[in-house]
Amino acid sequence: MTGAPLPMASQPSGMRAWLLSPEPHSRWQARLGRFYLGWRAFSRNPLAVIGLGIVLLLILVAIFADVIAPYSPVAGGDLRTQRLLPPSETYWFGTDDQARDIFSRVIHGSRITLFVVVLVALIATPIGLLVGTVSGYLGGWVDTVLMRITDIFLAFPRLILALAFVAALGPGIENAIIAIAITSWPPYARIARAETLMIRNSDFIAAVKLQGASTPRIILGHVVPLCLSSLIVRVTLDMAGIILTAAGLGFLGLGAQPPMPEWGAMVATGRNYLIDQWWVAAMPGIAIFVVSLGFNLLGDGLRDVLDPKAAK
């Protein structure tokens, strides 16, 4: 019979019914409902859940590094008896050429990796978002100038351009973060511009103009929020590239300086002992691989949820 109510077993109840209500009573309820539906779609992808678990584990390890690490990440032991020891019950990942516990250094290195990823995202994303939305909305000579500048940055490989900036600024983790951020914003600008071109002539934008809204208010209040979902997906997928670029700078001695336990610098140290003491380079290398894989899997899952057209 048309219009008959659903059986009791198939009707949502309790909190789930409140979240899935077709007529939410507040914006907060509507937002929670959208988040719940997004989580259901995200959790259907087991690889995305694994990626989320890896990223959450990275965050927890970085927060509690002082508790987890059994030894100091910078102070070494006795060079005569504890240097280049293989993995064992005492030293889970072995020791390096300075008799330092590699497991403790990898654990503390997660803080540097998370620090780099978060700061680069916080610096590069707003720049790319602002450049892309302004360029796409205003058009004309503004669009031409901003996009040609973007093309110049895109013409160079990211690592090569970052090397040039670090060489000019000087080695160090702070300068490496600035260099990576400077080279990371152009793809975000391109995505934001493409999204802006699709919505700048929409009816709701015309209605906002008729209400007397200024151009900055339209861009910041209406265009930018609509570009965020695609940008979040791209930023998450770029996290692996940011980690590899930071590790590459550290490997070349232009990133974090000794004795900081940066994973790329640890791999550079271990290359001298790769044949006989493989664990010195392999352990931080595995950490780079696992964390990069986690961000890639998480980005794929977020793309399926936030940008279903791209997933198809």
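Reply: The account below begins with the model as a whole and then turns to its cavity, core and pockets.

The model is predicted, so local features require pLDDT of at least 70 and side-chain atom pairs count only at pLDDT 80 or more, while totals for chains, interfaces and linings use all residues. Residues are numbered from 1 along each chain as its sequence is written, and side-chain values use heavy atoms, with hydrogens and water left out.

The protein contains 13 helices and zero strands; helices (H or I, at least four residues) and strands (E, at least two) are DSSP runs, numbered from the N terminus. Along its principal axes, the C-alpha trace spans about 80 × 60 × 30 Å. Of the 312 residues, 42% are buried, where buried means under 20% relative accessible area, exposed over 50%, and partly exposed in between (1.4 Å probe, protein chains only).

The spaces are found on a 1 Å grid over the protein atoms alone: a cavity is a set of points where a 1.4 Å probe fits but cannot get out, a pocket is an open set with protein on both sides within 12 Å along at least five of seven lines, and lining residues have an atom within 4 Å of a point. Grid points are joined across faces, edges and corners, and a volume is the space filled by probe spheres set on the points.

A search of the whole structure returns one cavity of 30 Å³ or more. The largest cavity has a volume of about 110 Å³. Its lining comprises 15 residues, of which Val116, Ile243, Ala246, Ala247 and Glu262 are the closest to the centre. At least two lining residues come from each of helix H5 (102–138), helix H8 (173–199) and helix H10 (215–251), and H10 supplies the largest share, five residues. By class, this lining has eleven nonpolar, three polar and one charged residues; Ala, Val, Leu, Ile, Met, Phe, Trp, Tyr, Cys and Pro count as nonpolar, Asp, Glu, Lys and Arg as charged, and the others, Gly among them, as polar.

Val116 also belongs to the largest nonpolar core, which has 60 residues and in which Val116, Trp263 and Phe295 have the most contacts. Such a core is a set of buried Ala, Val, Leu, Ile, Met, Phe, Trp, Tyr and Cys residues joined through side-chain atoms within 4.5 Å. Two or more core residues come from each of helix H3 (46–63), H5, helix H7 (158–169), H8, helix H9 (203–210), H10, helix H11 (263–270) and helix H12 (279–306). H10 gives the most to this core, 13 residues.

The largest pocket holds about 390 Å³ of space. Among the residues that line this pocket are Arg34, Phe35, Trp39, Pro225, Ser229, Leu302 and Leu306. Helix H2 (27–43), H10 and H12 each give two or more residues to the lining, with the largest share, five residues, coming from H2. This lining has nine nonpolar, two polar and one charged residues.

The second largest pocket has a volume of about 340 Å³. Of its 15 lining residues, Leu57, Val106, Ala287, Val290 and Val291 are the closest to its centre. H3, H5 and H12 each give two or more residues to the lining, and H12 has the largest share, five residues. By class, 14 residues of this lining are nonpolar, one is polar and none is charged.

H12 also carries Ser292, which counts as buried because its relative accessibility is 8%. Ser292 and Val55 are 237 residues apart in sequence, yet their C-alpha atoms are 9.3 Å apart in space.

UniProt annotations can be set beside this picture; their positions are in the numbering used here, feature names are shortened, and annotations may be inferred rather than shown by experiment. An unreviewed UniProt entry places "domain: ABC transmembrane type-1" at residues 110–299. Over that span the chain is 83% helix and 0% strand, with the end C-alpha atoms 19 Å apart. UniProt (unreviewed entry) also lists "transmembrane region" at several spans, including residues 159–183 and 278–299. Residues 159–183 are 88% helix and 0% strand, with end C-alpha atoms 8 Å apart. Residues 278–299 are 95% helix and 0% strand, and their end C-alpha atoms lie 31 Å apart.
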